[in-house]
Amino acid sequence: MSKLPAVSRRLLLGGALATTGALATGVGSAPDAAAAVTAAPVPRRRPGQKSMVDVPYAVHRTVRVGVIGLGNRGAGMTTGWSVVPGCTVTAVCDIRADRAKRVADGLAAAGKPRPAEYGGSDDAYTRMLRRDDVDLVYIATPWEFHYAQGKAALLAGKHVVVELPIATELDELWDLVDTSERTRRHLMLSENCSYGRNELAMLKMAHEGLFGDITNGHGGYLHDLRELLFSDTYYTDAWRRRWHTRSTASFYAMHGLAPIAAAMDINRGDRMTTLRATATEPKGLADYRERFVPRNHPSWKETYVNGDLVTCLIETAKGRVIRAEHDVSSPRPYSRINSLAGSRGIFEDYAGVLSSGGGRVYVEPDHSGHSWRSFDSYRKEFDHWLWKKIGDDAANNGGHGGMDYVLQWRTVQLMRAGLVPDIDVYDSAAWCAPVPLSVMSLAAKGRPVEIPDFTRGAWVNLRMGLDSRATEMPPVV
Amino acid sequence: MRPAGLIRSLGAVVAAGALALLPATASAATPSVTPSPSAATATTVSISPVDLDGPAVSTVKVTVTNAGPERMRSLKVSFGGPVGWAVQPSVLQVDGSLAKGASAEAAFRIQVPERRAGFTVRTFTATATYRGGDGAGSATGTRTQHSGTPLANLAAAYNNVGVTDESDTKPGNYDGEGNSFSAQKLAAAGLRPGGTVDALGAELRWPDVPSGTEDNVSAAGQAIALNGRGSRLVFLGSGVTSGASGTATVYYADGTSGSGSFGFPNWSFDPADAHGATLVASSDGRNRPHGYGNAGIAYRVFAHSIPLDPAKQVAFVVLPGNGNIHLFDLAVAP
């Protein structure tokens, strides 16, 4: 999509909402440094509006997918959807019509039914949403479009999978929650890392109690994207780099935050209550540009305001602490951190060569002597049934080490079997809330900001999630 | 006083239907596997069987029966499972009061993980606090459920190399730092592969395995099958780092169990009687990763024991969950 909408003032550096919120609590007196900034009141449900917690999908014999956004991510995932048993891609859409045609050609060449093509305008997706042969809409457009397209898909009666983040502002997150509840359709974040093999094994170990009582976890998205951000082709119209010129947010920490939240049963017995953010100076992109980008490149007109390392410290109702980091503008090897600790042990991912999967572990009473142990045997014992069942298929069909395919296979299975989603709109909203809340906290000089309870009280109830029971994919007739 | 009728959670809003509203009834309790100590007039707390077919969220019922002479008031019931298993809620309050002989039932939900392969022991605990009743103020009930089959013997649980030959010390890692006993020096102290060791009235056996192979167990809650009847269960081993102590649980053939705590001194630096242990053998020096060393310093093996019910046949023992305890053998002493 080439046309960028006007950016909300609330996401500008030192955003208006953040300033308003911070001052509102301190009018007439010196601000209380310890007091949390209230983000916004919890909106009431409309009469008749009900929770989507534990609401199963209606049974779909075949899941028919419509895709919006066919750039690098969308095109790759479209292939993934097309190879899941019982799933077919019936429509594809991109503002650039040639992309829709190219993806449709590719599916047809692979022996799949040719999907209908939509494109040529920024509202082409609305025509696609009118189709009655689309059950699930997958959205992989630039961030600024996710909310509007996700909401429109819900209102059109579709279930929705949205790439990160589902929305960038609090009122948008609430609106997606409400729209999901009113339309009785599910919307989920396409949080593929929650289906990572190490992440799921870590989750199952947490539930077994190997870490004891969980006290803290760390995750993040630490990915040197500088080369891609300055590429003239990778992110269409440099949409992702532009975000670094206009927002201080922790844009994309969900890949690290969500698996930790799952292991802490966030929205399933615990909830995130406050967030406080810090940010380092934005040095990385400007330094890279100075060294590697020609002076006639359009980026030289830009000023970067997004801190290189944005760190969110999140507290939960049960007194746990999560550290969620975001850094895509510094030179460094890739990491999502993915560490979980409790009263009896700790797991750390991305820890080098101690194990084939990259993780290391130390849990009592299995271990003593203050030395890390390989994660291999634990990953084998606590391997999630999804990886045991479709791990080979995932390796052959999906990107990101197979996580994409596992997410897609599982989503289709849930819809075809009529099961409750592993990830629902409440999880998705909670995991994306740090995007606007980090802006608010930074504007308030790092003061804690209240994290809304998108479940409206249902978080206290234990319920199933990503640590699911093994079930079969319904046979394809 | 109002009769007991309303059970509510403390400290959190709970969705309707999550908790059972159960009237007081006479003695509807489900017996626990290991009931709390009881006399005819003592309050009893029992826990219903827990469905361990996870991953799942299971419902557990706790029944509190007032066997005391007075009405029971201000009753609160707490429930917990193995560490790390989430419970909802953690405490329930029973409004009103319980007449003598009446019971109240509280429902809790617990997150049950996927069943682990091998042998597992799961212990659940419920505690009632109250006024009146038997006057004790509190009572506790436990339920222990186990699944799987214990390991055939201690050798099947070997997970550590504690003895190496002085000509090849690299395989050793008794202490987590690559050090191990010297086979030559142990032999000089009387400990040879397959040899008998008499300690604390038991006849134990030194591991009959070649040097440089797994020969001892770093305790981690393993369940070990064991036959015999006697007065004490004797452990042969020593500790590494510090704090090498813990509780072993003995399960008898009749389904009952008992437990006892024991500990070992560090293999080198603690006093020889630390934790009440008895010195069995002392070897000179140790094998380091690159050869024999630390001559002149004693590296030691100890014995310790826990009591058994001599009237009962032992079926298996669950070792302490403390990896600093290293065991070379265990045996029943008459």
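**Figure 1. Residue A:V63 and its place in strand β1.** A:V63 belongs to strand β1 of chain A, which covers residues 63–68. The model shown here and in the other views is predicted. Is A:V63 buried or exposed? A residue counts as buried if 20 or more other C-beta atoms lie within 10 Å of its own. A:V63 has 25 C-beta neighbours inside 10 Å and therefore counts as buried.

**Figure 2. The surroundings of A:V63.** Which residues does A:V63 touch, when residues up to four places away in sequence are not counted? They are A:G86, A:C87, A:D135, A:L136, A:V412, A:M415 and A:R416. One of these contacts, A:L136, stands 73 residues from A:V63 along the chain, and the two C-alpha atoms are separated by 7.0 Å.

**Figure 3. Chain A as a whole.** Chain A contains 16 helices and 15 strands. Its radius of gyration is 22 Å, close to the 23 Å that the globule rule gives for 477 residues, so chain A is as compact as a globular protein of that length. Taken along the principal axes, the box filled by the C-alpha atoms of chain A is roughly 60 × 55 × 55 Å. Of the 477 residues in this chain, 55% count as buried. Among the contacts in chain A with a separation of 6 or more, 74% are made by residues 24 or more positions apart.

Figure 4. Helix α11 comprises residues 284–292 of chain A, and its buried residues are A:G284, A:L285 and A:R289. Why can these residues be said to line one face of the helix? Seen down the axis of α11(A), the buried residues fall within an arc of 130°, so they line one face. An α-helix has 3.6 residues a turn, so residues three or four places apart point the same way. The exposed residues A:E290 and A:R291 are carried on the face of α11(A) turned away from its buried side. The elements that cover the buried residues of α11(A) include α8 (226–229) and α9 (239–246) of chain A.

**Figure 5. The contact between chain A and chain B.** How many residues does each chain bring to the contact? Chain B provides 31 residues and chain A provides 30 residues. On the side of chain B that touches chain A, strands β4 (56–65) and β8 (102–112) each supply at least two residues. By class, this side of chain B has 16 nonpolar, ten polar and five charged residues.

Definitions and conventions
Residues are numbered from 1 along each chain as its sequence is written. Chains are lettered from A and ligands numbered from 1 in the order in which they are written. This is a predicted model: local features need pLDDT of at least 70, side-chain atom pairs count only at pLDDT 80 or more; totals for chains, interfaces and linings use all residues. Two residues are in contact if their C-beta atoms, placed from the backbone, lie within 7 Å. Helices (H or I, at least four residues) and strands (E, at least two) are DSSP runs, numbered from the N terminus. Ala, Val, Leu, Ile, Met, Phe, Trp, Tyr, Cys and Pro count as nonpolar, Asp, Glu, Lys and Arg as charged, and the others, Gly among them, as polar. A residue is buried if 20 or more other C-beta atoms lie within 10 Å of its own, exposed if 12 or fewer, and partly exposed in between; C-beta atoms are placed from the backbone. The radius of gyration is taken over C-alpha atoms; the globule rule is 2.2 Å times the number of residues to the power 0.38. The arc is that of the directions from the helix axis to the C-beta atoms.
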